[in-house]
Structure formats: structure tokens, C-alpha cells
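Please look at the sequence and the model together.

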Amino acid sequence: MSFYDDLLPGLGGHCWKVHKFGGTSVANANCFLQVAKIIEDQLDVDKDVLSESINLAVVVSAMGGKPKVTDLLLAAVRYASTREHDKVEEFLGVVLKKHEECLKLLFHQECGEQERLLKIIEGGLDDIRDILKTVSLMKWQAERISEVVSGYGELWSSQILTALLRLRSNQRLIQKFGNDSMSNLVETSTASHIHHKFVYVDARRVITIDEEAIKDGAVVWDISEEKLLQLFEEEEAKL
């Protein structure tokens with residue numbers, strides 16, 4: 001009996017393995033590539049050893065290194081509360097530059113994907129600016145607002161990693177079967193072993209809370225699972 005025989009079925013009746021990568025693991029483009037390689041190696045091992053019901057979930061933090069994206073975003077909130085608008089723009093500019101440099105290295109041959117991800121980040125920064133207008137107006141640095149603003153970094157890292165994994169998966173398929181393989185994907189054991197589906201999930205779209213259950217609320221797992229399965233179907237349809 002292996003360790004995996006004792007695993008209880010999770011989402012969709014499947015067994016899941018979950019990996020968490022902190023900010024240092026995604027500090028720059030090279031770090032993202034290392035994380036992608038770790039995930040790919042894990043998937044290869046899973047495919048050879050485990051049943052096909054095993055799935056892999058990956059959680060990543062905001063880009064770390066010096067400076068950390070989370071620290072930059074939290075600093076922007078502090079400066080907004082004291083109405084130091086130049087400082088706010090300075091720190092948000094560093095956030096943009098850090099991601100922009102990373103995207104240029106990771107997707108230097110995929111200009112369309114680089115541009116798509118950059119627009120997502122720029123859109124998030126615009127959202128943050130709108131939030132910080134309220135902070136500045138009220139001179140109020142609420143903990144909840146800080147959490148919301150700092151959370152953008154994790155969303156950006158997740159989408160960058162998802163895009164990178166998809167790109168590398170497609171490249172492996174083309175290398176193995178040729179340029180027509182993406183439009184005519186053959187469902188063989190070899191193809192499925194090489195080509196994996198990677199789906200970005202924002203937990204806020206999925207997790208449903210029963211706020212009256214306990215003081216801080218409780219997750220309603222059956223509804224949350226339904227939402228997640230629906231999200232998987234929607235995202236897979238786009239691939």
C-alpha cells in the first residue's frame with residue numbers, strides 16, 4: 001500500500017496534491033522558470049506513478065526579492081492615507097516595472113501574451129488607484145483595504161505562472177508532434193503525458209461563505225465545489 005492509497009477524495013472525487021511557492025520562489029523571471037520546471041517534473045512523476053485521478057494544485061505568492069511586491073503595495077496604502085500622492089505613484093511604478101521586466105524575459109518571443117498579461121497588471125494598478133483615492137480622502141488606512149490591495153500581487157503571479165506553464169506545455173507538444181499538433185491534438189497516452197491543461201483560479205470567484213454559521217463565517221463546500229467545477233469547464237473551453 002502506498003501513501004496515496006490513504007488519501008481521501010477531494011474536489012470532483014479526485015485526489016489532489018497542493019504545492020505552495022512563496023515570494024522568494026517567484027522573485028524574478030528565472031525563479032518563475034524554476035517553479036515551472038518543478039511543477040512539470042512533479043506532473044511527470046504523478047503521471048507515471050499515480051492514478052489519473054490525482055490532480056495538482058499550485059498556490060503562489062506575490063513576487064518577492066528586493067523590493068517585495070507586497071511591501072510596495074502596502075507602502076502605497078500608507079502613503080495614500082497621508083496624502084503623499086507622489087510616493088504612491090512612485091511605489092506603484094516600481095510594481096509595474098518589476099512585473100514588466102519579468103514578462104519581457106519570460107515571453108520575449110510571445111509578444112501577444114506579454115501584452116495581455118501587462119494589460120491585466122496595468123488594469124489591477126488602476127483598480128488600486130481607485131481604492132487609494134478613498135484611502136486618501138478619508139485619511140484612513142483600514143486593515144481590510146490593505147489586504148485587498150496587497151492581494152493583487154498574488155493574482156498577478158498566479159496568472160503569469162499559468163501563462164508560462166501553458167506556453168511551455170504547448171511548446172513541448174509542438175516539439176514532439178510538429179506545428180499542426182495544437183490544432184489537431186491527438187488524444188494518445190504520449191500526448192496527454194506531454195501536454196497538460198493549466199487553469200487559473202481566483203478563489204474569490206469560487207469560495208462561498210455562510211456568514212451566519214460562526215463568528216467569522218464558514219465555507220459552504222458543496223456550493224464552492226460546484227462553482228469551481230463550473231469555472232474549470234469555462235476555462236478549459238478557452239484553451
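Does Lys 133 count as buried or exposed? At 57% relative accessibility, Lys 133 counts as exposed; here buried means under 20% relative accessible area, exposed means over 50%, and partly exposed lies in between, with a 1.4 Å probe and protein chains only. This is a predicted model, in which local features need pLDDT of at least 70 and side-chain atom pairs count only at pLDDT 80 or more, while totals for chains, interfaces and linings use all residues. Residues are numbered from 1 along each chain as its sequence is written, and side-chain values use heavy atoms, with hydrogens and water left out.

Side chains of opposite charge can pair when their charged atoms come close. A salt bridge is defined as a side-chain nitrogen of Lys or Arg within 4 Å of a carboxyl oxygen of Asp or Glu. The whole structure holds 12 salt bridges. One of them joins Lys 133 to Asp 130, with the closest N and O atoms 3.7 Å apart. Both residues lie in helix H4 (residues 111-138), 3 residues apart, about one turn of the helix; helices are DSSP runs (H or I, at least four residues), numbered from the N terminus. Asp 130 is partly exposed, at 44% relative accessibility.

In helix H3, Lys 87 and Glu 90 are likewise 3 residues apart, and their side chains form a salt bridge of 3.8 Å, N to O. Lys 87 is partly exposed at 32%, and Glu 90 is partly exposed at 43%. A further salt bridge, at 2.8 Å, links Arg 204 with Asp 202. Arg 204 is exposed, whereas Asp 202 is buried, with a relative accessible area of 12%. Glu 40, Arg 168 and Arg 172 are connected in a network of salt bridges.

The aromatic rings come next. Rings of Phe, Tyr and Trp (its six-membered ring) pair if their centres lie within 6.5 Å; planes under 30 degrees apart count as stacked, over 60 as edge-to-face and the rest as tilted. There are 2 aromatic pairs by this rule. The ring centres of Tyr 79 and Phe 91 are 5.4 Å apart and their planes are at 45°, so this pair is tilted. It links distant parts of the chain, from helix H2 (residues 69-81) to helix H3 (residues 85-106). The rings of Tyr 152 and Trp 156, with centres 5.9 Å apart and planes at 50°, are also tilted. Tyr 152 and Trp 156 are both buried.

Technical notes. Helix = DSSP H or I, 4+ residues; strand = E, 2+ residues; numbered from the N terminus.
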